[in-house]
Amino acid sequence: MLTIDGLTVRLGGRPILERASATVPIGARVGLIGRNGAGKSTLMKTLIGEIEPDDGEISKPSRARIGYIAQQAPSGTMTPEEIVLAADVEREQLLEESESCTDPDRLGEVHERLLAIDAYSAPARAAKILKGLGFDEEMQARPVDTFSGGWKMRIALGALLFSEPDILLLDEPSNHLDLEATLWLENFLKSYPATLVVISHERDLLNNVVDHILHLQGGQLTLYPGGYDSFEKQRAERAAQLAAAKAAQDAQRAKLQDYVARNSARASTAKQAQSRAKMLARMQPIAALSEDPSLSFDFPDPAEMRSPMITLDGAAVGYGNAPPVLQRLNMRIDADDRIALLGRNGNGKTTLARLLAAQLAPEEGDMNAPGKMKVGYFTQYQVEELSAEETPLNLMTRAMDGKPAGAVRGQLGRFGFSGSRAETQVERLSGGERARLALALITRDAPHLLILDEPTNHLDVDAREALIQALNGYSGAVILISHDRHMVELTADRLILVDSGTAREYSGSMEDYIDFVLGRNQPKPAKKPAAPKPKAAPATIDRAKEKYMRSELAKAEKTLAKLTAQAEQMDRNIADLAAKPPAADTSRMDDLLAQRAKLAGKLEQAEAAWLAAGEALEGVAAL
């Protein structure tokens, strides 16, 4: 077992962990979760001995090897394959010894051990891991220094997975991965043979891989059985129990205080009043589960724009004199589209996003977009490049030059930077807060199109859910690049695959794409039949038609769910505005009511399409 007993860690005098305790069973797969800044990475660094605790202890099985990715990415002239193979230290030492050993008995022992650890199949296992992380054969043979920082971190992850430690610690392993590599990693971790502790905000990974959730909140650790959905249910039940207990305690406290106030001065009841006053002093207040009131995303709705907003006709795009990255681009983007770009890193998703954001011009063909169209383009570089000494208020004031202070504060408030939070230096903000600030800056002009390139890397699970709700409530168009398939499934109704030097509509569902990436349910090569069987054709056609109708039903369900979420968000916005004083912005209320009426019509159409798709599927299935 991995046992954490009364662990206390203070950094800069501030308590991060306070007498935290938990026991992780051998072989458990644990998801370590908590809000940004709660101390998850601090706990991991304490587990590996990088941080010395102020109190408490950590115990683990004797001789258990703990594996954790070093902060420094690999470098040098070694290839990814060589670095991954070198991670198995015992194998490297035995192979070296086998070449120099002259003692026949010892040499026999070395070869027996090499066979026992399956050393001779190691190159194939290393190649399989690297391929899963996105390295083709050519990339596996290149020097490490030819790769970017993100790809180097993939190599480090591959080396760690190959070494198979007894306790595998992973801190946000998907942050440097695309969707395809994330799917592979999830599949790999499902069958990991030893103990796993992973910090992740990927809801799907936390549901599909882990069997326990270790929740870090307020310096304390609580272990829950099951995946993330089970944890949410248990946490909701616990919150309800705490709320009920707090309400009962508050009522008892009020009753005692009333008795003490009324009876302290009377001689006949003074003793009883003193007794109740002591009871009040000993009563430990029950704290309700705290939530972060600053967690907020609220994208300003743009002015109405006619469709199509953007059309690409035989367009090609690239960089300088190099061959085009993408060619034969034919695409139409409407004013209410929700599009997810699929495809491995390096295939051109970001290049296409930059073309649509007008940061790159087409080298061939045509791109048409109205001059008044505004685009908000989010990338991780914007988060990393925020000046540490600045404050959100200073940055937004400059970005909204000439706008009144109230408008500046209002835009910051949409993203949780109200009051003193707007005057906090960027260096004191968490990664999630910086991401919210970057989103606030790019949407200050109410863009018609949001292009979001990996917006969730610094966001915890709750923040991701808030972002999903905000995107579904936003009336403009959205183009999303994300390895978080939970977000893709809940926000996108069009999938575009960027692959083989072009981009095309992907006709299947997200589940179909996942199966395609993982090689599941792929059609097997058909054997030539000894004799034709014409009677089988109708059944084949029926099955194909049924699969198509199921896909259409899934699309209709997703559209209906998205519009329902938008309606719910809009109803909340209307209720919030209605609760403000009568002098509040009446034009904003008129706009909201008009949008809600338009949305009601779309909902009605979506529900009709969903019912029709269901009836069509039933008709096909009955044949």
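The model is predicted, so local features need pLDDT of at least 70 and side-chain atom pairs count only at pLDDT 80 or more, while totals for chains, interfaces and linings use all residues. Residues are numbered from 1 along each chain as its sequence is written, and side-chain values use heavy atoms, leaving out hydrogens and water.

The largest nonpolar core holds 48 residues, and Phe297, Phe299, Leu437 and Leu439 have the most contacts inside it. Such a core is a set of buried Ala, Val, Leu, Ile, Met, Phe, Trp, Tyr and Cys residues joined through side-chain atoms within 4.5 Å, where buried means under 20% relative accessible area with a 1.4 Å probe, protein chains only. Leu439 touches Phe297, Phe299, Phe378, Phe415, Leu452 and Leu467, leaving aside residues up to four places away in sequence (contact: heavy atoms within 4.5 Å). Another core, of 41 residues, lies apart from the largest one and includes Phe135, Leu157, Leu189 and Tyr192.

A cavity is a set of points on a 1 Å grid over the protein atoms alone where a 1.4 Å probe fits but cannot get out, and lining residues have an atom within 4 Å of a point; the volume is the space filled by probe spheres set on the points, which are joined across faces, edges and corners. The largest cavity has a volume of about 80 Å³. Ten residues line the largest cavity, with Asp298, Phe299, Ala470, Gly473 and Asn573 the closest to its centre. The second largest cavity has about 40 Å³ of space and is lined by Leu2, Ile4, Val24, Leu32, Leu43, Leu47, Val197 and Leu214.

Technical notes
Buried means under 20% relative accessible area, exposed over 50%, partly exposed in between (1.4 Å probe, protein chains only). On a 1 Å grid over the protein atoms alone, a cavity is a set of points where a 1.4 Å probe fits but cannot get out, and a pocket is an open set with protein on both sides within 12 Å along at least five of seven lines; lining residues have an atom within 4 Å of a point.
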